[in-house]
Amino acid sequence: MIEVYQDNVRDQFPGAVKEFKQDRDTFLFKAENEVTLWIHVIRDSMIRFRYSVDGSFDNDFSYAIDENHSRGYGALDFEESTNFYSIHTDKLECRIDKSNLKVSIYDKNGILLNQDEKGFHWEEHPKYGGNVVKMSKRVQDAECFYGLGDKPTHLNLRGRRFENWGTDQYGFQKHTSPLYKNIPFYTGLHHGQAYGIFFDNSFKSFFDFAQERRGVTSFWAQGGEMNYYFIYGPELTRVTELYTNLTGRPEMPPLWALGYHQCKWSYYPESKVRQIADEFRSRDIPCDAIYLDIDYMDGFRCFTWDKEKFPEPKKMVDDLREQGYKTIVIIDPGIKLDKDYWVFQEALEKGYFCRRADGPYMKGKVWPGDCYFPDFTNPEARAWWADLYKELIGEIGIMGVWNDMNEPAIFEVESKTFPDDVRHDYDGNPCSHRKAHNVYGMQMARASYEGVKKYVYPNRPFIITRSAYSGAQRYTSTWSGDNVATWEHLSIANIQAQRSAVSGFSFIGSDIGGFTEHPTGELYARWIALGVFHILCRTHSSGDHGEQEPWSFGEEVEGIARKFIKLRYQILPYLYTTFWNYHKKGTPMIRPLSYFDQEDAETHHRTDEFLLGDHMLVCPIVEPNSKGRRMYIPRGNWYNYWTKERVEGGKEQWVDAELDIIPFFIKEGAVIPHNPVMNYVGEKKVETLELDVFFKLGKEKSTLFEDKGDGYDYQKGDYSLKEFKVLGTENSLEIYQHKSGGFTTEYGDYELNFFGLPFNVTSISVDGKTVSIDALKTNANQLRLPKDFNEIILQG
């Protein structure tokens, strides 16, 4: 089997270099056996490598790459020595061995970052022709590996092997591979330095992180080119930022999309949907979005309504909007084979359905029965699909779309998907399903994004997809798929959110409580406590396994769910600011401890603890009957959010956590904004914004991004970006505020809450003017003042 990568007698290797050419920032090395290595220096810290076995290259096309990515470098030098060629940038040196085209990459100080072992090699594919392209590299001492999207295993990938081939894995388990998503990007960390490798090949691919051979990591694909990007940090977070610059970053979402979402397979009829909506409001549990699964459709036909279950969908959607809800509907790729069904007729007439190699349409069974499937790699088909949303979005008022089953998934076949011989347009680069499979879901989400964006305007679109390829983060959010209501899956959900974020895809959540089976009240309480700190916060479940609304587990758990969902709404300004940093810089919104402090080896193998943004540290309880847990608190000082006790990090310690508590800490020096609690985004006018200030002996910086929460004015500078600089000494605290952007917030005042002050305040000055000490509520160290201050100084 090609899937098993072993030393193979059929492997072929490059010969010695016979010819070299340079054209500015591109370099071409041709071997005696015609193997050709093409190198492109994209920026000081990013180099692309492409290999051809016969000297000719395929059309250079990729769905992953953002055409607007940054390019440019400072110095670029080339030199030739006896045994190798060297390419130098301001940050890297790339050496190419003259005898075999093997590559070694060093930093500017000569420290080895990455080195070929066998390097590029290949074998002819015995069944399909073409080549299985392979790359193997040496593992450095104590090297750790992270990334690869949604793999449900330990955060550190070392010692494991994975497959990228989007697969419908209902009720997947720990270590399941392949899974729904295909993100062929990983980071390596050793000797305090981090790099990334993005293997941009959409064929079925594999990654082996020193499992088969202890000192070797390798990646290979069953077709296409050996085409990869080397990305140098040296910080782990910087590697992800550079990767998202290459593959794209999302627009800002509507603020409501960061609220709480409620979903089930399925809420119907209309009266049930209204009942659920009323229950949230009457029980004082915030919620912004309600989902309709496949049962809202007429016989599971996409873009239709079952008029018996939903006789007046527009009125229902309008009424829900009046209550503050946004309605989101599911749309799958399978189009029911029905000649009286208008969507089927149009696609058939226009030639947008996928076909088999010899001409028949690709037919497969999914929820409606026999279906044909649009070729979303055809730009005309994508445009047609986008226009199908006119009625749903533009007329009925649906605010978001949920794309499921788009691996693509097929019932009643062993492969769970299309046969390999299905043909695709691939944006003018015709190919088989072997090449298009891993991008199919991404291109469906792209088409949905374009349609929703068109018809929801001037509001922002919201899309959620199950399957994705690198670059899909430009169009959509995602979730971790059909998980299970078990404690192990609670832990897996946390790992998947972290892994996805450092793989460039931060806008992810899990089905809170588990999709299959039914959680205990304790499990749901622990899961909702974690879920409010993930970027997508959605409870979803299979109706076959019982009710899973926050009030379904008794009064105690309902109260806990209410508490945490309200907390979610209070920290929305912080979460929205964190999304702004992701939008602008590609910074992972959720970070494992290794991405916070890679110099500390204790962080390299932690899986439970994570940072949300720059200043929040969270660690879920992942075992039943727990009264707390041991967790590693990273170096520095942190404040327990619940008790406001300051703790010293850099060690593992016990943290108490009854059922209504999750270990949650704030980094010293942080300024954390808090909204008043609302039932939904925009329900209340914010009159005063609370700022929690956590004292630090030293300096710290925090930011706050605000805009209208929807629309595109922020792209024209109509936003407010505030930077708070905190400087603490033994007897003073100084806070400086700098604002940019043209947006004026609706509130007029801040209410500052000071925690951890090591002195009693004896004087206060604001912008150089003394303020009466009576303005400080000494029992709470609380100060209210106009929002436009430049400088506050508290002295003891």
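**View 1. Asp-284 follows helix H2 and has a positive phi, near 60°.** The model is predicted, with local features requiring pLDDT of at least 70, side-chain atom pairs counting only at pLDDT 80 or more, and totals for chains, interfaces and linings using all residues. Residues are numbered from 1 along each chain as its sequence is written, and side-chain values use heavy atoms, without hydrogens and water. Helices (H or I, at least four residues) and strands (E, at least two) are DSSP runs numbered from the N terminus.

**View 2. Helix H2 spans residues 270-282.** From first to last C-alpha, the 13 residues of H2 reach 18 Å, close to the expected 18 Å; the expected span is 1.5 Å times one less than the number of residues.

**View 3. H2 has a buried side.** Buried (under 20% relative accessible area, 1.4 Å probe, protein chains only; exposed is over 50%, partly exposed in between) describes Glu-270, Val-273, Ile-276, Ala-277, Phe-280 and Arg-281 of H2. These residues lie on the same side of H2 because they cover an arc of only 135° around the axis, taken from the directions from the helix axis to the C-beta atoms. Exposed Ser-271 and Ser-282 sit on the face turned away from the buried side.

**View 4. An open sheet of six strands runs in the order E42-E43-E44-E50-E46-E47, with antiparallel pairing.** Two strands pair if DSSP finds at least two bridges between them. Strands E42 (698-706) and E47 (769-771) are at the edges with a single partner strand each, so one side of each lacks a neighbour in the sheet.

**View 5. Strands E46 (763-766) and E50 (791-795) pair in the antiparallel sense over four bridges.** Ser-765 has Ile-793 in E50 as its bridge partner.
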